[in-house]
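Work through the exercises below. Each task is followed by a stepwise solution.

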Amino acid sequence: MFTRNIAKFNQAMGFQRSSTNKPKTQPGSGRSIRMGASNLCHHIAGGPISIEDASYISWVVEHPSALRSFDQMMKAAKGKKIALFLDYDGTLAPIVDNPDLAFMSDEMRAAVREVAKYFPTAIISGRSRDKVKEFVQLSNVYYAGSHGMDIMAPPRPVKTCDGKYPTVALDKKGNEVLFQPAKKFLPAIQKIQTALKEKVVEIQGAMVEDNSFCVSVHFRQVREKDYGILEKQVKSVLEHYPEFHLSWGKKVMEIRPSIEWDKGHALEYLLDTLGLSNSTDVLPLYIGDDRTDEDAFKVIQRRGQGYPIIVSSSPKDTKASFSLHDPSEVLTFLSRLARWRKSSSSSRSLAQIWGVGD
């Protein structure tokens, strides 16, 4: 059984065994897996393997590399419209100790700019919309902040779906639609943020971040022995605000309004405003690394078409169909996607069709 899993792993990851028994990567795959080629060869040869590595091998069998599967994915996408959705932290930029320093590389920015020339592209982040836009610095993508509770969308008629999207307004320039379903909670959010800062100020390493329609408490630099104290302090604030709830991310607690809205709803809203929601020839492609991205993965799964891709270097429960190991692989995937579109028969930019600026 384990031997079969190794063989499946090699296929999923793009490794083959040569006559010299050395694995080789698919050309241009950009693979930088945790084990490394020489280590993997040792595992294939029957040497010792850790439980952690064995778990990852089995997980990748179930969630194949999107790089290895690229040709298969694009073959199915031929003649269809791809709409691209991207998380930010852990996807376009590495997770760092100080969230204010989570900068994306120039290479990643260039790749996103290039792929957005050919496909409608949106970044859906837990960060505030203004903050993620400041990080990305691109004008040819759409931005959805606060887990989709703050969306700057194209100026197209919105399908209300019986009042599903009631809160929209033009921006200051009058050329985009601003959608903020949790706007009425802003006064309470500001009070929560102030109270949290007072509560956690004495906990070394704790950081409160204003993400507009949610408040994040980062504890990546907090001593492990203080985790319980920090959680208790955060919950002591939350108990005074019954219309809010606590959720968890990677070394972060987030307080959000308890409304029926998440990254999955944001994906559906953007598809609606792009005029793509009822089309049978649309393939949403969503790349993300966090549990909040699972809501978007579920939407794609429910649609029955599209590609949910998880970014992870360790096994985790996910609704994603494919995987990428880390942001460097996301970069390779996006660059390859743009090249594939360039080489296709039609050179017309889908982004131009849907009205995104250059």
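**Exercise 1. Find the residues through which α9 meets α10, then classify the packing.**

Step 1. Lys263, Gly264, Leu267, Glu268 and Leu271 of α9 meet Asp295, Ala296, Val299, Ile300, Arg302 and Arg303 of α10. Contact means heavy atoms within 4.5 Å.

Step 2. Sort these contact residues: five are nonpolar, one is polar and five are charged. Ala, Val, Leu, Ile, Met, Phe, Trp, Tyr, Cys and Pro count as nonpolar, Asp, Glu, Lys and Arg as charged, and the others, Gly among them, as polar.

Step 3. Helix α9 (residues 263-273) and helix α10 (residues 294-303) pack at about 55°, their axes 6 Å apart. That makes α9 oblique to α10. Angles under 35 degrees are roughly parallel, over 145 roughly antiparallel, 65 to 115 roughly perpendicular, and the rest oblique.

The model is predicted: local features need pLDDT of at least 70, side-chain atom pairs count only at pLDDT 80 or more, and totals for chains, interfaces and linings use all residues. Residues are numbered from 1 along each chain as its sequence is written, and side-chain values use heavy atoms, leaving out hydrogens and water.

**Exercise 2. Describe the ring pair of phenylalanine 179 and tyrosine 269.**

Step 1. The structure holds 13 aromatic pairs (ring centres of Phe, Tyr and Trp, its six-membered ring, within 6.5 Å).

Step 2. Phenylalanine 179 and tyrosine 269 lie 4.3 Å centre to centre, with 15° between the planes, and are stacked (planes under 30 degrees apart).

Step 3. Phenylalanine 179 is in strand β8 (residues 177-179) and tyrosine 269 in helix α9, so the pair ties together parts 90 residues apart in sequence.

Definitions and conventions
Axes are lines fitted to C-alpha atoms, for helices over the stretch in contact, and angles run from 0 to 180 degrees between N-to-C directions. Helices (H or I, at least four residues) and strands (E, at least two) are DSSP runs, numbered from the N terminus. Rings of Phe, Tyr and Trp (its six-membered ring) pair if their centres lie within 6.5 Å; planes under 30 degrees apart count as stacked, over 60 as edge-to-face and the rest as tilted.
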